[in-house]
Amino acid sequence: MISQPAPSRAGSLTLVGGELAFDFTNTSSGRGWPTHQEHLRSAADIVDWAAHAKMLGPADAEWLRGAVSADQSLGRRMLRRALDLRENIYAIAVEVAAGRPAPRAGVEALARTHASCLVCAKLTPFEDRYVWSWAPRENAAEAMLGPIALSALTTLTQADLSRIKQCRGEKCGWLFFDTTKNKSRRWCEMEICGNRAKQRRHTAKARAG
């Protein structure tokens, strides 16, 4: 009997990255392990995630689901570009989290993605400032990728890079931005990866005893 893959949780994943870009990288769980789970398997999954992350309003999300369903070519392009961006951000952040320089090629590729999306963006008043915004019904792919690329570049250029962390949990590897005062955060979620680590230590001590 062939086992079926678990359903995508793109629309319900816990958003613990602290930055939109890191929540996006966390749509792939357990990279490199047999338990790896890919949650972005279609353009519709991307739309579900974007709505879940409050990047899209309900009406635009519904419209986009219909658009990628009706235009499979659009859906394939969106999925390919989204996965390329996600893996590029992941590769950059993993190096930075380890205290190493970000790969030059990756940073340049991120800048190109940002520039290509910015062409389709508009400066829009928001509260007491202006922000970049995209119209999903005019430029579907750029509306998905633009805010994510902007989040990644803003983090790289304006944030304390020592706060970019990778979860130490076994078979996890999720990324997050550590906002604790003393930069002491180690886990994506203490209730999950942190408690699992505590349980493993307790079991190891019990066996040793």
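Buried means under 20% relative accessible area. The legends below describe a predicted model.

**View 1. Asn88 in helix α4 and the residues around it.** Asn88 lies in helix α4. The relative accessible area of Asn88 is 15%, under the 20% limit, and this residue is therefore buried. Leaving aside residues up to four places away in sequence, Asn88 touches Gly106, Ala109 and Leu110.

**View 2. The largest nonpolar core.** This core has 43 residues. Within the core, Trp49, Leu110 and Met144 have the most contacts. Two or more residues are given to it by each of α1 (20-25), α2 (43-52), α3 (58-70), α4 (72-97), α5 (104-118), α6 (140-158) and β6 (175-177). Helix α4 supplies the largest share, 11 residues. Another core, of nine residues, lies apart from this one, and includes Val16, Trp174, Phe176 and Cys193. In soluble globular proteins, nonpolar side chains tend to be buried together.

**View 3. The surroundings of Leu110.** Leu110 is one of the residues with the most contacts inside the largest nonpolar core. When residues up to four places away in sequence are not counted, Leu110 touches Leu85, Asn88, Ile89, Ile92, Ala149, Ala152, Leu153 and Leu156. Among these neighbours, Leu85, Asn88, Ile89 and Ile92 in α4 also belong to the contact of α4 with α5.

**View 4. Packing of α4 against α5.** The two helices pack at an angle of about 140°, and their axes are 9 Å apart. The crossing in which α4 passes α5 is left-handed. From α4 the contact takes Arg81, Leu85, Asn88, Ile89 and Ile92, and from α5 it takes Gly106, Val107, Ala109, Leu110, Thr113, Ser116 and Cys117. By class, these residues are seven nonpolar, four polar and one charged.

**View 5. Packing of α4 against α6.** Here the angle is about 5° and the axes are 10 Å apart. Helix α4 is therefore roughly parallel to α6. On the α4 side the contact is made by Leu74, Met78, Arg81, Ala82, Leu85, Ile89 and Ile92. On the α6 side it is made by Ala140, Ala141, Glu142, Met144, Leu145, Ile148, Ala149, Ala152 and Leu156. The contact of α4 with α6 has 14 nonpolar, no polar and two charged residues.

**View 6. Packing of α3 against α4.** The angle between α3 and α4 is about 110°, with axes 5 Å apart. This makes α3 roughly perpendicular to α4. Ala67, Val68, Ser69 and Ala70 of α3 meet Gln72, Leu74, Gly75 and Met78 of α4. Five residues of this contact are nonpolar, three are polar and none is charged.

**View 7. Helix α2 and its cover.** The buried residues of α2 are Ala43, Asp45, Ile46, Val47, Trp49 and Ala50. Among the elements that cover these buried residues are α1, α3, α4 and α6. Trp49 is also one of the residues with the most contacts inside the largest nonpolar core.

**View 8. Two loop residues with positive phi.** Glu127 is found in the loop between β3 (122-126) and β4 (129-133). The phi of Glu127 is near 55°, a positive value in a residue other than glycine. With a relative accessibility of 69%, Glu127 counts as exposed. Lys171 sits in the loop between β5 (164-166) and β6. The phi of Lys171 is near 65°, again positive in a residue other than glycine. Lys171 has a relative accessibility of 40% and counts as partly exposed.

**View 9. Arg80 and Ala121.** Arg80 is placed in helix α4. The relative accessible area of Arg80 is 47%, so this residue is partly exposed. Arg80 and Ala121 are separated by 41 residues in sequence, and their C-alpha atoms are 21 Å apart in space.

How values were computed. Residues are numbered from 1 along each chain as its sequence is written. This is a predicted model: local features need pLDDT of at least 70, side-chain atom pairs count only at pLDDT 80 or more; totals for chains, interfaces and linings use all residues. Side-chain values use heavy atoms; hydrogens and water are left out. A nonpolar core is a set of buried Ala, Val, Leu, Ile, Met, Phe, Trp, Tyr and Cys residues joined through side-chain atoms within 4.5 Å. Buried means under 20% relative accessible area, exposed over 50%, partly exposed in between (1.4 Å probe, protein chains only). Helices (H or I, at least four residues) and strands (E, at least two) are DSSP runs, numbered from the N terminus. Contact means heavy atoms within 4.5 Å. Axes are lines fitted to C-alpha atoms, for helices over the stretch in contact, and angles run from 0 to 180 degrees between N-to-C directions. A crossing is left-handed if the near helix is turned anticlockwise from the far one by less than a right angle, and right-handed if clockwise. Ala, Val, Leu, Ile, Met, Phe, Trp, Tyr, Cys and Pro count as nonpolar, Asp, Glu, Lys and Arg as charged, and the others, Gly among them, as polar. Angles under 35 degrees count as roughly parallel, over 145 as roughly antiparallel, 65 to 115 as roughly perpendicular and the rest as oblique.
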